[in-house]
Amino acid sequence: MKVPFLDLGAAYSELKAEIETAVLASLRSGRYICGNEVESYENEFAAYTETKYCVGVANGLDALHLALHAMDIGIGDEVIVPTNTYIATWLAISQCGATPVPVEPFDSTYNIDPGQIEAAITTRTKAIIPVHLYGQPADLDPITVLANKYGLRVLEDAAQAHGARYKGNRIGAHGDIVAWSFYPGKNLGALGDAGAVTTNDPDMADRIRVLRNYGSKVKYVNELQGYNSRLDPVQAAVLRVKLKVLDTWNTRRKKIAAYYTAALTETGLVLPTVPAWAEPVWHLYVVQCSQRDAIQKTLGKAGIGTLIHYPIPPHLQQAYAKTGYFKGQYPIAERLASQVLSLPIGPQLDKTCIDLIINILNDYATKL
């Protein structure tokens with residue numbers, strides 16, 4: 001039996017008729033840049049995330065970058081960012097000419113530790129980027145308190161948190177802006193790159209609309225030095241179809257996560273921790289083990305796909321080699337990088353596959 005980490009083909013097959021109808025309608029419309037399909041999706045996703053505005057862009061990195069640009073963050077500024085995140089969160093800051101200022105996570109939830117943020121704030125700090133990693137919300141209230149105390153912006157990276165809730169409310173507008181990715185492997189994924197921002201601030205939404213379109217509202221009239229980063233109408237059509245089943249698919253992920261947690265308690269693996277105030281959407285089910293590489297190899301021999309999110313923390317990536325970071329500087333992120341393993345949890349994963357994974361892990365544990 002082969003168990004892929006995530007079966008995108010199965011996800012497509014489940015919605016094949018609806019997706020193909022929507023894509024064909026978009027192709028026949030003759031409108032291939034922005035237009036009604038994009039506007040409809042923006043309205044629907046804003047409503048889903050309980051926010052006033054959604055602006056579609058080309059991808060998740062652009063969503064972060066344009067949001068920072070809209071906040072006037074640039075050269076000489078600092079932005080607080082987790083040490084434990086995908087490098088895109090850092091790259092968006094660097095692309096603006098600003099400096100990422102790393103803060104370690106809780107080793108239990110993997111998300112940024114608000115208790116360590118204040119010590120990292122300087123006179124040059126302009127924003128904080130909490131990341132809702134693996135689909136679980138970061139603790140936003142203490143972050144917001146600090147932001148208000150020091151006059152900082154909050155940009156949420158929700159690339160993995162479509163549908164998640166923090167203290168009962170959808171992720172979507174707790175901060176000034178929320179950046180989203182609709183990369184195919186996300187809980188809400190397009191059939192290619194796509195992204196968006198959500199916000200309750202009309203001025204911020206308007207500025208990002210201008211920035212994504214060469215800095216222009218009116219053709220050939222350019223107010224700003226903008227970018228070309230627009231959500232493709234065909235991808236918007238696909239996302240409109242998938243948005244309708246997002247909660248259903250998230251519920252499937254939740255059930256798989258609960259099944260894993262109940263069945264793996266005796267394995268010695270460090271299982272995910274969920275605070276009482278969080279409603280995660282289980283983009284990833286991440287376990288920790290000092291023998292991670294051996295476990296991954298064992299699962300791989302059985303045909304089970306796993307991934308490591310993420311094997312190299314941003315501060316140790318070659319992309320940041322000239323910034324002076326060194327190994328051992330951020331021990332929590334570095335330890336997590338050496339121990340975390342993501343198990344399959346896609347919404348099309350069936351019980352036979354899940355049981356196989358559980359049996360192998362329990363069998364491995366008995367041999368330790």
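Reader: Which residue meets the side chain of K351 in a salt bridge?
Author: The N to O distance in the K351 pair is 2.8 Å, inside the salt-bridge limit (a side-chain nitrogen of Lys or Arg within 4 Å of a carboxyl oxygen of Asp or Glu). Bear in mind that this is a predicted model: local features need pLDDT of at least 70, side-chain atom pairs count only at pLDDT 80 or more, and totals for chains, interfaces and linings use all residues. Residues are numbered from 1 along each chain as its sequence is written, and side-chain values use heavy atoms, leaving out hydrogens and water. The partner of K351 is D355.

Reader: By about how much of the helix are K351 and D355 separated?
Author: Both sit in helix α12, residues 351-366. (Helices, H or I with at least four residues, and strands, E with at least two, are DSSP runs numbered from the N terminus.) An α-helix has 3.6 residues a turn, so residues three or four places apart point the same way. K351 and D355 are four residues apart, so the gap is about one helical turn.

Reader: How many salt bridges does the structure hold?
Author: Some of them share partners: E37, E44 and R240 are joined into one network that way. Another one links R212 and E42, whose closest N and O atoms are 2.9 Å apart. The structure's count of salt bridges is 18.

Reader: How many residues apart are R212 and E42?
Author: R212 is buried at 9% relative accessible area, and E42 is buried too, at 6%. (Buried means under 20%, exposed over 50% and partly exposed in between, with a 1.4 Å probe and protein chains only.) R212 belongs to helix α7 (202-212) and E42 to helix α3 (36-48), so the pair links distant parts of the chain, with a separation of 170 residues.

Reader: Which residue does D72 pair with, and is D72 buried or exposed?
Author: The D72 side chain meets R207 at 2.7 Å, N to O. D72 is in the loop between α4 (60-70) and β2 (78-82) while R207 is in helix α7, so this pair ties together parts 135 residues apart in sequence. R207 counts as partly exposed at 21%. So the partner is R207, and D72, at 58%, is exposed.

Reader: At roughly what angle do the axes of α9 and α12 cross?
Author: Helix α9 covers residues 246-263, and its axis comes within 10 Å of the axis of α12. (Axes are lines fitted to C-alpha atoms, for helices over the stretch in contact, and angles run from 0 to 180 degrees between N-to-C directions.) The two are therefore roughly parallel, a label for angles under 35 degrees. The crossing angle is roughly 25°.

Reader: Which residues of α9 meet α12?
Author: On the α12 side, the contact (heavy atoms within 4.5 Å) takes in K351, I354, D355, I357, I358 and N362. The residues of the contact divide into seven nonpolar, one polar and two charged. From α9 come I256, Y259, Y260 and A263.

Reader: Which residues is G346 in contact with, leaving aside neighbours within four places in sequence?
Author: G346 is found in the loop between β14 and α12. G346 is buried, at 8% relative accessible area. V154, for its part, is 30 Å away from G346, C-alpha to C-alpha. The contacts of G346 are L6, R253 and I256.

Notes:
Angles under 35 degrees count as roughly parallel, over 145 as roughly antiparallel, 65 to 115 as roughly perpendicular and the rest as oblique. Ala, Val, Leu, Ile, Met, Phe, Trp, Tyr, Cys and Pro count as nonpolar, Asp, Glu, Lys and Arg as charged, and the others, Gly among them, as polar.
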